[in-house]
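Open the model in your viewer and keep the selection panel at hand.

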Amino acid sequence: HCISSAASDVYKRQVLFLATIATTTWAGALHQGVNLLQEPEHFMVGLPYSLTLMLILGAHELGHYFAARAHGVKVTLPYFIPVPFALGTFGAFISMKSLPPNRRALFDVAVAGPLAGLVFAIPALWIGLGESQIVEASGEQVTAVMHHGTQVGSSVLFAFIAKLAMGDAISQGHQLVLHPLAFAGWLGLIVTALNLLPIGQLDGGHISDALFGVRRSSTISSVAMFALLFLGLFVWSGLLMWALIAFFLAGNKGIASQNDLVKLDAGRYILGIVAFVILFLILTPVPHAFYKSLGIHCPYL
């Protein structure tokens, strides 16, 4: 019975993996104006986005997987989630079958995923931005292309990478139409930021559990959730979607290790701070006052 169940899980993972490649390829092609239901022979158009996004998501989950195995935690290989619309996927997840033995193990498992994903997301974004286009239009033209684009100053980290990849070109316009490779890399940053939020069952929630203990981390989780709601209501409405996703995916309750008394060493504390700094750099837009000094075109100044 156990062998049959294990074989069934392997089959499910394989089917979900192949299905997610198909749906992300379809989404990638559609972002380029090609409907594969009508033109299936042009499937290659969707592969740069599909394969890059799958690589980033897979690296994220395998980071968790190998860190868990290193600490003797029972865990499954990744399950990918295909959807036949929008981005083509809702991401991937692994299932933890046993608790981490201590807070150090909990921290390592939690932080390994986002960092592994960034190892591929940042180079993909950098390379893809070199092939992306600056939009110097306004009004309806910009609105029409922004469903697969973004603004240079939408994120401090994004702006820094754009400056390295595109140089003085970003002084000519603030809107970008992203190459499929860059679009996948940008989504990698968004996925990383979402996972690093110090809320409940998200990676950031587990990092917070390991750094501060479950009781203090629960308070941090509640504050972070209310902060997202407040900022979504009064600063940027887009954060309301983040708050809803965090609430339904992560809840507010963290996870305790088998031995919660083991303290983290200084290196892990520093790495935890670095992880939350990365979260800040991804989520925080560049203040308009700094656009000129950073060489970013700003229509407001």
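Start at Ala 86, in the loop between strand E1 (79-82) and strand E2 (89-93). Helices (H or I, at least four residues) and strands (E, at least two) are DSSP runs, numbered from the N terminus. The phi of Ala 86 is positive, near 50°, and this residue is not a glycine.

This is a predicted model: local features need pLDDT of at least 70, side-chain atom pairs count only at pLDDT 80 or more, and totals for chains, interfaces and linings use all residues. Residues are numbered from 1 along each chain as its sequence is written, and side-chain values use heavy atoms, without hydrogens and water.

Select helix H2, residues 47-70. Its 24 residues span 33 Å from first C-alpha to last, close to the expected 34 Å (1.5 Å times one less than the number of residues). Of these 24, 17 are buried (under 20% relative accessible area, 1.4 Å probe, protein chains only; exposed is over 50%, partly exposed in between). Just after H2, pick Gly 72: phi is positive, about 75°.

Finish at Trp 126, in helix H3. Trp 126 counts as partly exposed because its relative accessibility is 43%.
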